Amino acid sequence: MKPRLQAALGQQLVMTPQLRQAIRLLQLSAMELEAELATAVESNPLLDWTEPSAGGEDEPRPTAGAEDGPEAPTPEPEWTMDDGETWYERVGPADHDDETPAAEQVANAETLQDHLLWQLHLSPLSARDRSIGVALIEAIDDDGYLREPMNSIVASLAAELNPAPGEEEVITVLHQVQRFDPVGAGARSLAECLNLQLGTLSDDTPGKALAQQIANGPLERLPRIGPAGIAAELKLDVADVEVAVQLLRSLDPRPGSQMGAVSSDTYVTPDVVIWRQNGLWRVALAESMRPRISIHRGYESMIRHASASDASYLRGHLQEARWLLKSLEARGDTLLKVARCLLKQQAGFLEFGDSALRPLTLREVANEVGLHESTVSRAIARKYARTPRGTLPLRAFFASGIDTGAGGEASSTAIQAMIRRLIEAENPRKPLSDARLAETLKATGVPVARRTVAKYREAMSIPSSQDRVRIG
């Protein structure tokens, strides 16, 4: 065939640099966006920080178009929370006299592993024992327990140490680690954890010997049979058993939870603010989400008088600055559009709590706002809303659903709230089984299977009915 040129029309989706930038900015959290803007201002001379407007930094007032009505009224200043503090006050970064970034002002919480490793390196141990101790400490979970089997720890050390350590050598170092603070860390079971803490008490402590006997024996049956049952089983006086039981109850079954209770990443900046005004729920972008950068007009005016090379350089940065501002505007519009939909769908959740959370999926929101599911997913990723119920992640407004007997749907979160209320109101001597909970929910119009109840109960870290039995 003879080669020839031919023109044809066609459509093709192209991921332009502007589109990639808009997608990347949409999925950034508030703190990441702040860092991104700081980097952009440093690298682009056509970008500059905007000065805060006078009187506009005290509260996140909704801007034009941020409300459902044509003229959005400002939040009423007299509407306050129960503690008297106006909850819709400015949620953006606070002004500080120094220039230390807010992220550097948050103290890093010391983890349990950091605390144990610090003590390990202060102990008079050989380099070999320290290597074994590091492996043991890294295997300890946040509660302070050594859940990993000893043979797997020995196998992992075989590739690091020569000759390979045996199980007895590793256990010897483990006993050294178990002497560290907090007492009980490194235990392989609850009984060992309690015995380690009892071992630090003086021998004349009332009930110590009997408490050690109970910890090594009928400890697991104690919640079911109570002190009287333990006394009958061990053929001892009930009063003596009660003293030992009180001593056991004074111990900490989760010694590792003392460390790292406050994580350094728990601080979040709300992206939207939701409040109630004149009986209606309102939503607006938080003050920190409004673009605080603008185009430097001085450099922009220099383009007309600069040389060809300088003008080309400035025009390139000017175009980048315009793309960034346009992407930020699109990010805010998308976030506000999704937040309005969530507010419309889940007003009952804000009004009455988890029990009123209706089933809602990404597809429903995407269809309502006219966006793709992936766009909605990026819009809610690591985004938070400040509400009268606290600062909540936007993902908390979504929930899967289960068909009810009345033809409607109940969300999984609402069902979990129902299960929690039933368990809190149960008789501690006769806890409700999963089957009984399923029957109770079915009687209220929420037909769920027993295995579904068990799954929700485990998701809320609630023990089974057998483990919830309490006597006395």
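Analyst: Let's start with His317, which touches Ser43, Asn44, Pro45 and Leu46, leaving out residues up to four places away in sequence; contact means heavy atoms within 4.5 Å. Bear in mind that this is a predicted model, where local features need pLDDT of at least 70, side-chain atom pairs count only at pLDDT 80 or more, and totals for chains, interfaces and linings use all residues. Residues are numbered from 1 along each chain as its sequence is written, and side-chain values use heavy atoms, with hydrogens and water left out.

User: Why does His317 count as buried?

Analyst: Buried means under 20% relative accessible area, exposed over 50%, and partly exposed in between (1.4 Å probe, protein chains only). His317 has 14% relative accessibility, so it counts as buried. Its place is in helix 12 (residues 308-345); helices (H or I, at least four residues) and strands (E, at least two) are DSSP runs, numbered from the N terminus.

User: What makes helix 14 roughly perpendicular to helix 15?

Analyst: Helix 14 (residues 362-369) and helix 15 (residues 373-380) pack at about 105 degrees, with axes 8 Å apart. Axes are lines fitted to C-alpha atoms, for helices over the stretch in contact, and angles run from 0 to 180 degrees between N-to-C directions. Under 35 degrees is roughly parallel, over 145 roughly antiparallel, 65 to 115 roughly perpendicular and the rest oblique. That's why helix 14 is called roughly perpendicular to helix 15.

User: Which residues of helix 14 and helix 15 make the contact?

Analyst: From helix 14, Leu362, Arg363, Val365, Ala366 and Val369; from helix 15, Glu373, Val376, Ser377 and Ile380.

User: What makes Phe349 and Phe397 an edge-to-face aromatic pair?

Analyst: Rings of Phe, Tyr and Trp (its six-membered ring) pair if their centres lie within 6.5 Å; planes under 30 degrees apart are stacked, over 60 edge-to-face and the rest tilted. The count by this rule is one aromatic pair. Phe349 and Phe397 sit 5.4 Å centre to centre with 85 degrees between the planes, which is edge-to-face. Phe349 is in helix 13 (residues 347-352) and Phe397 in the loop between strand 6 and strand 7 (401-403), 48 residues apart. Both Phe349 and Phe397 are buried.

User: How do you know that strand 5 and strand 6 pair?

Analyst: Strands pair if DSSP finds at least two bridges between them. Strand 5 (residues 384-387) and strand 6 (residues 390-393) run antiparallel and are joined by four bridges. They form a hairpin with two residues between them, and Tyr384 stands opposite Pro393 in strand 6.
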